[in-house]
Amino acid sequence: MALYTIGDLHLSLGGSKPMDIFGDKWANHVERLRESFSHLTADDVTVLAGDLSWGISLEESLPDFQFIDALPGRKIILKGNHDYWWGTATKMKKFFEAHGIESIDILFNNCFFYGDYALCGTRGWFYEEDAAGTHTGKMLAREALRLEASFKAAGERPILCFLHYPPLYQGYRCPELLELIDRYRAERCYYGHLHGPTHRRAFEGRRGETDYALVSADYLGFVPKKICD
């Protein structure tokens, strides 16, 4: 039994969004994901850090969910900026149940437990100065509330934090989310969203009491990152 994470699968099995248009690194990425996950077991857990499917509705994304469901182990998903199919947790759960998708759980205003750890997270958002009262400011405030709700649900357990947007990278930081990560003393923070040339801007390492790591699929070579046994 082990815990893994990976983000940005960018599946389009029910549509026509081939990812190899973004470079050779994405060639045959679906088969590469299938092969790398084949080494996991039914007892393993993988947190998928957003941007899972290009579908614009649950129905259009169904082949992608079926692909994810068929991968070994339990999958915990959170929202990415391109997950246009995302709806309420109730709606998504009903859709998964109606289509026999049994291995996917939803990380949204809640947390899950793995051993002694609490698995917490949300999509996140980009910080912009002077954004108060704007759409950006409102979305950032909402994401901060969701992250704190997830952290509160952890109780006294040590926290592993999962985000889609990076809370910091070269030349950028999101004070609202970093304050929460610091206050709740998350042990580790995993994030995605960055691709291609932006990989070099990722922050990886220790800040305060938290270790940070980029887990975008193309950064990991489409191999889930093992966190712990």
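On a 1 Å grid over the protein atoms alone, a cavity is a set of points where a 1.4 Å probe fits but cannot get out, its lining residues having an atom within 4 Å of a point, and a volume is the space filled by probe spheres set on the points, which are joined across faces, edges and corners. This is a predicted model, in which local features need pLDDT of at least 70 and side-chain atom pairs count only at pLDDT 80 or more, while totals for chains, interfaces and linings use all residues. Residues are numbered from 1 along each chain as its sequence is written, and side-chain values use heavy atoms, with hydrogens and water left out.

The structure holds one cavity of 30 Å³ or more, and about 40 Å³ of space lies in the largest cavity. Its lining is formed by Lys 79, Leu 107, Phe 108, Thr 122, Arg 123, Glu 143 and Arg 146, of which two are nonpolar, one is polar and four are charged, where Asp, Glu, Lys and Arg count as charged, Ala, Val, Leu, Ile, Met, Phe, Trp, Tyr, Cys and Pro as nonpolar, and the others, Gly among them, as polar.

Helix H3 spans residues 89-98, and its buried residues are Met 92, Phe 95 and Phe 96; buried means under 20% relative accessible area, exposed over 50% and partly exposed in between, with a 1.4 Å probe and protein chains only. Helices (H or I, at least four residues) and strands (E, at least two) are DSSP runs, numbered from the N terminus. The face of H3 turned away from its buried side carries the exposed residues Lys 93, Lys 94, Glu 97 and Ala 98.

Technical notes
On a 1 Å grid over the protein atoms alone, a cavity is a set of points where a 1.4 Å probe fits but cannot get out, and a pocket is an open set with protein on both sides within 12 Å along at least five of seven lines; lining residues have an atom within 4 Å of a point.
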